[in-house]
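Please read its points alongside the sequence and the model.

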Amino acid sequence: MLTGDAGIENEADMVANYNLEAEILKVGHHGSDTSTSQPFVNEVDPETAILSYGENNYGHPNAGVVKRLRNIGAEIYSTFESGDIVVTTDGTNYDVSALPSEEGEDSTTPLPDLKDGVFISVGDFEMEYVTILNNTNENADLSNWYLISEEGNQCYDFPEGTIIESGYYLDVLSGPDAYDSPPYKQMWTKSYIWNNSGDAALLYNSKGELVSEFR
């Protein structure tokens with residue numbers, strides 16, 4: 001299955017309307033957390049997952065995506081570690097050949113591991129957004145939780161009823177291009193929040209306990 005850069009919203013539509021079971025999944029958007037949600041992975045249930053990415057500053061592949069694929073028992077290949085990946089089939093059976101590249105042979109960077117819980121998985125302060133991931137088996141209610149920019153001490157209070165479903169994420173956007181698009185995106189403000197030369201995002205729960213930080 002090839003999904004390109006289809007996002008979680010597109011995946012939800014596919015889950016609702018199609019039989020998605022496939023033996024091989026070319027993982028969407030280089031393994032970004034904007035794709036490959038838990039419900040989608042459950043429906044596809046791939047034997048083999050292929051990640052296409054190189055050295056990057058975007059956090060690809062996302063650790064949550066990798067963990068979801070590992071948890072269902074998929075055999076994972078990545079172009080970063082193996083170079084060219086070739087799949088051949090006779091229409092019934094298939095074979096995967098991972099051809100090592102110089103980069104793959106020299107790489108000592110493993111696929112990322114991921115902690116459980118609700119936490120900040122990405123903080124792109126230059127692009128003015130923070131991604132909060134719910135890597136638990138239950139929906140997370142962020143009512144009365146808040147997010148702080150450490151450098152400027154600005155505070156964002158999550159609206160009552162803010163829910164991140166199990167395996168999903170929420171982007172908190174700021175800056176002139178910020179917008180609301182529930183349930184995956186919330187606008188903090190149209191003003192700039194984050195200090196690009198050095199800042200930290202701090203996530204607190206309704207009890208005032210520090211849950212996660214991203215520096």
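This is a predicted model: local features need pLDDT of at least 70, side-chain atom pairs count only at pLDDT 80 or more; totals for chains, interfaces and linings use all residues.

Is Arg 215 buried or exposed?

1. Arg 215 is exposed, because its relative accessible area is 58%, and the cut-off for that class is over 50%.

2. Arg 215 takes part in a salt bridge with Glu 150, in which the closest N and O atoms are 2.8 Å apart. The two residues come from distant parts of the chain, 65 residues apart: Glu 150 belongs to the loop between β9 (146–149) and β10 (154–157), and Arg 215 to the segment after β15 (210–214). Glu 150 has 38% relative accessibility and therefore counts as partly exposed.

3. The side chain of Arg 215 also meets that of Glu 213 in a salt bridge, at 2.7 Å from N to O. Glu 213 is partly exposed, with a relative accessible area of 38%. Through shared partners, these salt bridges join Glu 150, Glu 213 and Arg 215 into one network.

4. The structure holds three salt bridges. One of them pairs Asp 171 with Lys 185, with 2.9 Å between the closest N and O atoms. This pair, too, links distant parts of the chain, since Asp 171 is in strand β12 and Lys 185 in strand β13 (residues 185–189), 14 residues apart. Both partners are buried: Asp 171 has 5% relative accessibility, and Lys 185 has a relative accessible area of 16%.

5. How is the protein divided? Domain 1 spans 8–98 and domain 2 spans 118–214. The centres of the two domains, taken over C-alpha atoms, are separated by 27 Å. Domain 1 brings 11 residues to the contact and domain 2 brings 10 residues.

6. The size of an interface is often given as the accessible area lost when the parts come together. Between domain 1 and domain 2 the buried area is about 930 Å², and carbon and sulfur atoms give 55% of that area. Ile 8, Glu 9 and Asp 33 supply 44% of the area that domain 1 buries against domain 2, more than any other three residues.

7. Which helices supply the side of domain 1 that touches domain 2? At least two residues come from each of α1 (8–17), α2 (38–44) and α3 (63–71). The largest share, three residues, is that of α3. Between the two domains the count of salt bridges is zero. Zero residue pairs in polar contact are found across this interface when both residues must have pLDDT 80 or more.

8. The largest nonpolar core has 25 residues, of which Val 130, Ile 132, Leu 147, Phe 158 and Trp 194 touch the most other members. At least two residues of this core are supplied by each of β6 (117–124), β7 (129–135), β12 (169–174) and β14 (201–204). Leaving aside neighbours within four places in sequence, the contacts of Trp 194 include Phe 125, Val 130, Leu 147, Ile 148, Trp 188 and Ala 201.

9. A second, separate core has 17 residues, among them Leu 25, Phe 40, Val 65 and Phe 80. Val 65 is also one of the residues touched by Ser 32, together with His 60 and Asn 62, not counting residues up to four places away in sequence. Ser 32 lies in the loop between β1 (24–26) and α2. With 7% relative accessibility, Ser 32 counts as buried.

Conventions: Residues are numbered from 1 along each chain as its sequence is written. Side-chain values use heavy atoms; hydrogens and water are left out. A nonpolar core is a set of buried Ala, Val, Leu, Ile, Met, Phe, Trp, Tyr and Cys residues joined through side-chain atoms within 4.5 Å. Buried means under 20% relative accessible area, exposed over 50%, partly exposed in between (1.4 Å probe, protein chains only). Helices (H or I, at least four residues) and strands (E, at least two) are DSSP runs, numbered from the N terminus. Contact means heavy atoms within 4.5 Å. Domain bounds come from an automatic or database domain assignment. Buried area is the accessible area (1.4 Å probe) that two parts lose on being put together, summed over both. A salt bridge is a side-chain nitrogen of Lys or Arg within 4 Å of a carboxyl oxygen of Asp or Glu. A polar contact is a pair of N or O atoms within 3.5 Å; within protein, one must be able to donate a hydrogen and the other to accept it, and residues adjacent in sequence count only if both atoms are side-chain atoms.
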